[in-house]
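Open the model in your viewer and keep the sequence panel beside it. This tour goes from one selection to the next and says what is there.

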Amino acid sequence: MQRLTQLSRSLVELFPERHLYVRSGGAMKAFVLTTRKQLVLAGGVAVGALWLGVSTAALFVNLMSASAADREIARLKAQSERYVADRQARLDSAMARLNAATGSNGDMAAAIEKRHAALALLLTDIKGAPGAAEALTPAINRALANQDASPLRRVEHVRIGQEQLLEAADSFAKDRADRLRLAFRMAGLSPSSFVDRSGALGGPLIESRDPRALAAVLDVDEDFAVRIQRAARELREAESLGEAVDDLPLGVPTRAARQTSGFGVRLDPFTRRPAYHSGLDFAGGHATPIHATGPGVVSYVGRRSGYGNVVEIDHGRGLKTRYAHLSGFAVRPGQRVAVGQRIAAMGSTGRSTGTHLHYEVWVNGRAQNPGRFLKAGQYVQQGD
């Protein structure tokens, strides 16, 4: 009650009774503004101000939301219009070049035949690549699907089919090259060091660096020549990497065994202290077959300190594999072996605690993790 009384006194002091005098036409009128009336008037003003503020804020939020949505719609619309305009401009430009350069059905057919000749240079190389038939067959079928149309429509369909076939060939060559580059990186190798840069491969599609010169050699438009050259370059690099992959030791040294020790620092089984382990160990039964993990030439057969009986294979390009603790040999020095060929039998010779294979991979005189080569081999097999 005391607080209510204090509040009442505060309101009376804030809104004391006021007298308002209005003079109009010589007459004086008096109005009395009591505390209650002033409170009611002030409350009404406060409610009105609050309503005005809330309404203004809501209107502002709606305007901001609508503005952001409109901007996004406008952006998407502009992007779509640009894409459509670009495709239409390319089509109109191609047709204009054909019409300007030819002016007759015979000349148009000749221009398309020249494009076909340029495509033939590219597709001849792609023909034998793994997966090429599956990648290019849909585009070829689409190009041949309109044989019952009018001659002019058939010419146009052939031109469109050429564009689709070139896109399919370019995509196939790039995907294959990228996949092989990734396999090299998985094995810890640099793809660029295995690409043939001698210039012996590729012919005019690769050797010509000026697109205008290549277009003149192929007698096609410059844009088409650039795309042909790009696809040919990717294909040549994929071929070079594919040939190098075939020489890498990416196979499994023994199939009837399990891996028991990895590459790097481990506890030495004899000293029980941390020691560097330069390869992978595979445990199995006595005389389990050991296979070459890649093609090469047997560079050593015999005993090495700590390794026991050893077979070493030189795979070229600075790559060498070593197979240790063997119980017997199936190859001789200087013999050329193929990937998967049986070269020895598992044993426990040398510094060994039991029957197993110790497998190493060396690159330019340094031991590498063989597990990376095994994973790269699995990745390449999945792609094939």
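Select phenylalanine 184 to begin. Its relative accessibility is 0%, so this residue counts as buried, the cut-off being under 20%. Keep in mind that the model is predicted.

**The aromatic pairs**

How many aromatic pairs does a search of the whole structure find? There are two. One is formed by phenylalanine 184 and phenylalanine 194: the ring centres are 4.9 Å apart and the planes meet at 45 degrees, so the pair is tilted. Now color by secondary structure. Phenylalanine 184 belongs to helix H5 (residues 151-186), while phenylalanine 194 sits in the loop between H5 and helix H6 (203-207), so the pair ties together parts ten residues apart in sequence.

Next, select tyrosine 323 and tyrosine 359. Here the ring centres lie 5.4 Å apart, with planes at 40 degrees, so this pair is tilted. Tyrosine 323 comes from strand E10 and tyrosine 359 from strand E13, so the pair ties together parts that are 36 residues apart in sequence. Are these two tyrosines buried or exposed? Both tyrosine 323 and tyrosine 359 are buried.

**Along strand E13**

Show the side chains. In a regular strand, side chains alternate between the two faces of the sheet. In E13, His356, His358, Glu360 and Trp362 point one way. Leu357, Tyr359, Val361 and Val363 point the other way.

Which strands pair with E13? Take them in turn.

- Select E6 (residues 280-283): E6 and E13 run antiparallel, with four bridges. Alanine 283 is opposite histidine 356 of E13.
- Select E10 (residues 319-329): six bridges link E10 to E13, again in the antiparallel sense. Leucine 319 has valine 363 of E13 as its bridge partner.
- Select E14 (residues 366-368): three bridges join E14 to E13, and the two run antiparallel. Valine 361 faces glutamine 368 of E14.

Now zoom in on the turn from E13 to E14. This hairpin has two residues between its strands. One stop here is asparagine 364, with a positive phi near 50 degrees.

Histidine 325 is not a glycine, yet its phi is positive, about 65 degrees. Its relative accessibility is 5%, so histidine 325 counts as buried.

Then jump to alanine 287, in the loop between E6 and strand E7 (289-291). Its phi is positive as well, near 70 degrees, and alanine 287 is not a glycine either. With a relative accessible area of 36%, alanine 287 is partly exposed.

**Threonine 254 and its surroundings**

Select threonine 254, in the loop between helix H8 (222-247) and strand E3 (258-261). At 2% relative accessibility, threonine 254 counts as buried. Look for its polar side-chain atom: the backbone oxygen of proline 289 is 3.4 Å from that atom. Then display what surrounds the residue. Beyond its neighbours within four places in sequence, threonine 254 contacts Phe282, Thr288, Pro289, Ile290, His291, Met346 and Leu357.

**The largest nonpolar core**

Which residues of the largest nonpolar core touch the most other members? They are Val311, Tyr323 and Ile343, within a core of 38 residues. H5, H8, E6, strand E9 (308-316), E10, strand E12 (342-346), E13 and helix H9 (370-383) each supply at least two residues of this core.

Center on isoleucine 343. Apart from neighbours within four places in sequence, its contacts include Val311, Tyr323, Ile290, His291 and Phe329. Ala292, Ile313, Ala330, Val331 and Val337 are also among the contacts of isoleucine 343.

**Two charges over rings**

Finish with two arginines. Select arginine 179 and tyrosine 379: the charged end of arginine 179 sits over the ring, 4.0 Å from its centre. Then select arginine 304 and tyrosine 300. Arginine 304 lies over the face of tyrosine 300, at 4.0 Å from the ring centre.

Key: Residues numbered from 1 in each chain as written. Predicted model: local features only at pLDDT ≥ 70, side-chain atom pairs only at ≥ 80, totals over all residues. Heavy atoms only, no water. Buried < 20%, exposed > 50% of the residue type's maximum accessible area, 1.4 Å probe, protein only. Pairing = 2+ DSSP bridges. Phe/Tyr/Trp six-rings, centres within 6.5 Å; stacked < 30°, edge-to-face > 60°. Lys NZ or Arg CZ within 6 Å of the ring centre and 35° of its normal. Polar contact = N/O pair within 3.5 Å; in protein donor to acceptor, adjacent residues only side chain to side chain. Contact = heavy atoms within 4.5 Å. Core = buried A, V, L, I, M, F, W, Y, C linked by side-chain atoms within 4.5 Å.
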